[in-house]
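Open the model in your viewer and keep the sequence panel beside it. This tour goes stop by stop: select, look, move on.

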Amino acid sequence: MQLAKVLGQVVSTVKDPGLERFTLLLVQDAPGDDPEQTDGTAYVAVDVVGAGVGEVVLVATGGAARVAAGADAPTDRAVVAIADTVIRSGTVRYRKT
C-alpha cells in the first residue's frame with residue numbers, strides 16, 4: 001500500500017457497470033516524511049471507504065485493489081483506508097484535523 005493525498009474527483013456519467021457504485025478519486029502519492037506533501041503523477045483510484053478531498057489515504061494496487069473493490073470492478077488502484085495519524089520513528093508526522 002502507498003500513502004497518498006486526495007486531490008479531487010473524476011466524474012464519469014458513462015462507465016463500466018462494475019464501477020457504478022464507486023466514486024472515482026484523483027490522488028497523488030505522498031512518498032516523504034510529510035504525508036501532506038505529494039510527488040509524482042496524479043492518478044485515478046476507486047474509493048471503497050468514502051474519502052474526501054484533502055485527506056491522506058492508503059491506496060492498494062494490482063490484485064489487492066481488485067479484491068477490495070470486488071471482482072467485477074475493473075481497477076488496479078483502490079483507496080482502502082483514510083489515515084488518522086502517521087507516526088514514523090516515534091514522531092507524529094501527520095494527524096487528521
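**Stop 1**

Select Ser-89. This residue is found in the loop between β6 and β7. The model is a predicted one, so treat each stop as a look at a prediction. Is Ser-89 buried or exposed? It counts as exposed, because its relative accessibility is 71% and the exposed class starts over 50%. Now check the backbone. Phi of Ser-89 is near 55°, a positive value in a residue that is not glycine.

β6 covers residues 85–88 and β7 covers residues 91–95. They run antiparallel, joined by 4 bridges. Together they form a hairpin, with 2 residues between the strands. Arg-88 stands opposite Thr-91 in β7. Thr-85 has Arg-95 in β7 as its bridge partner.

**Stop 2: across to Gly-32**

How many residues apart along the chain are Gly-32 and Arg-93? They are 61 residues apart, and their C-alpha atoms are separated by 10.0 Å. Gly-32 lies in the loop between β2 (23–29) and β3 (43–47). With a relative accessible area of 44%, Gly-32 is partly exposed.

**Stop 3: the barrel**

Show the strands as cartoon. Which strands close into a barrel? There are 5, in the order β1-β2-β3-β5-β4, and the pairing is mixed. From one strand to the next, the twist averages 55°.

Zoom in on one pairing. β4 and β5 (residues 77–82) pair in the antiparallel sense, over 5 bridges.

**Stop 4**

Gln-28 counts as buried, because its relative accessibility is 15% and the cut-off is under 20%.

Move to Lys-5, in strand β1 (residues 2–10). Is Lys-5 buried or exposed? At 19% relative accessibility, Lys-5 counts as buried. Not counting residues up to four places away in sequence, Lys-5 touches Leu-26, Val-27 and Gln-28, among others. Its contacts also include Pro-35, Glu-36 and Thr-38, as well as Gly-54, Glu-55 and Val-56.

**Stop 5: the nonpolar core**

Select Ala-4, Val-6, Leu-25, Val-27, Tyr-43, Ala-45, Ala-51, Val-57, Val-59 and Val-79. These 10 residues make up the largest nonpolar core. β1, β2, β3 and β4 (56–61) each supply at least two residues of this core.

Centre on Val-59. What is Val-59 in contact with, leaving aside its neighbours within four places in sequence? The list is Met-1, Gln-2, Ala-4, Val-27, Tyr-43, Arg-77, Ala-78 and Val-79. A second, separate core has 8 residues, including Leu-19, Ala-65, Ala-69 and Ala-73.

**Stop 6: Arg-77 over Tyr-43**

Show side chains for Arg-77 and Tyr-43. The charged end of Arg-77 sits over the ring of Tyr-43, 3.9 Å from the ring centre. How many aromatic pairs does a search of the whole structure find? The count is 0.

**Stop 7: helix α1**

Finish on Ala-68, found in helix α1 (residues 63–69). Ala-68 is partly exposed, with a relative accessible area of 37%. Beyond its neighbours within four places in sequence, Ala-68 is in contact with Val-48 and Val-80. Draw a distance from Ala-68 to Val-48. Their C-alpha atoms are separated by 7.3 Å, and the two residues are 20 apart along the chain.

Methods. Residues are numbered from 1 along each chain as its sequence is written. This is a predicted model: local features need pLDDT of at least 70, side-chain atom pairs count only at pLDDT 80 or more; totals for chains, interfaces and linings use all residues. Side-chain values use heavy atoms; hydrogens and water are left out. Buried means under 20% relative accessible area, exposed over 50%, partly exposed in between (1.4 Å probe, protein chains only). Contact means heavy atoms within 4.5 Å. Rings of Phe, Tyr and Trp (its six-membered ring) pair if their centres lie within 6.5 Å; planes under 30 degrees apart count as stacked, over 60 as edge-to-face and the rest as tilted. A charge sits over a ring if NZ of Lys or CZ of Arg is within 6 Å of the ring centre and within 35 degrees of the ring normal. Two strands pair if DSSP finds at least two bridges between them. A nonpolar core is a set of buried Ala, Val, Leu, Ile, Met, Phe, Trp, Tyr and Cys residues joined through side-chain atoms within 4.5 Å. Axes are lines fitted to C-alpha atoms, for helices over the stretch in contact, and angles run from 0 to 180 degrees between N-to-C directions.
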